Amino acid sequence: MIRIRSVYAILGGVVIMWVGVVGGVLLGYVFSHGVCLHAVYDVSPLGLLLIIIVRNASFSLAVFLVSYSLFIAYLVLFTEGLYVGFSMSFTVRSLTALIPLLPHGIIELLGYSLFALAGVKYHSGDVGYWRLLAFGIAAIVVAAFIEAFISTLIARQLFSKALCSVVI
């Protein structure tokens with residue numbers, strides 16, 4: 001059973017990463033000059049799903065391995081949030097860049113937070129990390145399906161290719 005303190009730690013990770021995403025968008029908005037660094041490539045949803053699962057699994061493993069403490073876990077999640085937000089700011093010059101991130105982002109960030117807490121538990125010798133890993137894997141896979149099949153459609157509807165929209 002997941003303890004209340006663990007739930008707070010998981011929610012804290014989700015909040016920290018979203019703060020990073022919004023901060024990254026705002027930083028990118030301040031520092032970008034309308035330069036488009038990304039372009040949308042026509043990739044099939046299944047191909048995109050594979051790319052997303054590999055990227056998210058790699059990041060999840062890294063979060064698990066380096067999460068010796070909640071501070072380190074939160075720092076990693078915040079940094080990833082800054083990266084995602086900053087990257088999105090180059091594609092769209094407003095907070096509307098967050099809209100395509102919402103459908104999958106909530107579940108994906110929950111998965112990352114579960115991996116972070118599992119890493120903290122693993123490094124402290126607690127055997128309860130397996131359940132967190134299982135839920136984290138499920139969250140990452142569900143989020144990847146939503147990102148590949150739903151979030152990309154939302155992004156394409158909101159932003160034309162002329163704006164160089166991309167879903168990260």
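Predicted model: local features only at pLDDT ≥ 70, side-chain atom pairs only at ≥ 80, totals over all residues.
The protein chain has five helices and zero strands, so that, reading from the N terminus on, the order of elements is simply α-α-α-α-α. As for how the chain folds back on itself, if we take the contacts with a separation of 6 or more, 85% of them are between residues 24 or more positions apart.

Let me turn to the helix pairs. In general, two packed helices are described by the angle between their axes and the distance between the axes, and I will go through two pairs in those terms.

Helix α4 covers residues 102–123 and helix α5 covers residues 129–158, and their axes come within 7 Å and cross at roughly 160°. Since angles over 145 degrees count as roughly antiparallel, α4 and α5 are therefore roughly antiparallel to each other. The crossing of this pair, α4 and α5, is left-handed, and the contact between them is made up, by class, of 19 nonpolar, four polar and three charged residues.

The next pair is α2 with α4, where the axes lie 7 Å apart and the packing angle is about 30°. With angles under 35 degrees counting as roughly parallel, α2 and α4 are therefore roughly parallel to each other. Here α2 passes α4 in a right-handed crossing. Looking at the residues themselves, on the α2 side we have R55, N56, F59, S60, V63, F64 and L65, and these meet E108, Y112, F115, A116, A118, G119, Y122 and H123 on the α4 side. By class, that contact of α2 with α4 comprises nine nonpolar, four polar and two charged residues.

Finally, a word about V54, which lies in helix α2. Is this residue buried or partly exposed? V54 counts as partly exposed, because its relative accessibility is 48%. V54 and A144 are 90 residues apart in sequence, yet their C-alpha atoms are 9.7 Å apart in space.

Definitions and conventions. Residues numbered from 1 in each chain as written. Heavy atoms only, no water. Axes fitted to C-alpha atoms, helices over the stretch in contact; angles between N-to-C directions. Helix = DSSP H or I, 4+ residues; strand = E, 2+ residues; numbered from the N terminus. Parallel < 35°, antiparallel > 145°, perpendicular 65-115°, else oblique. Left-handed = near helix turned anticlockwise from the far one by under 90°. Nonpolar A, V, L, I, M, F, W, Y, C, P; charged D, E, K, R; others polar. Contact = heavy atoms within 4.5 Å. Buried < 20%, exposed > 50% of the residue type's maximum accessible area, 1.4 Å probe, protein only.
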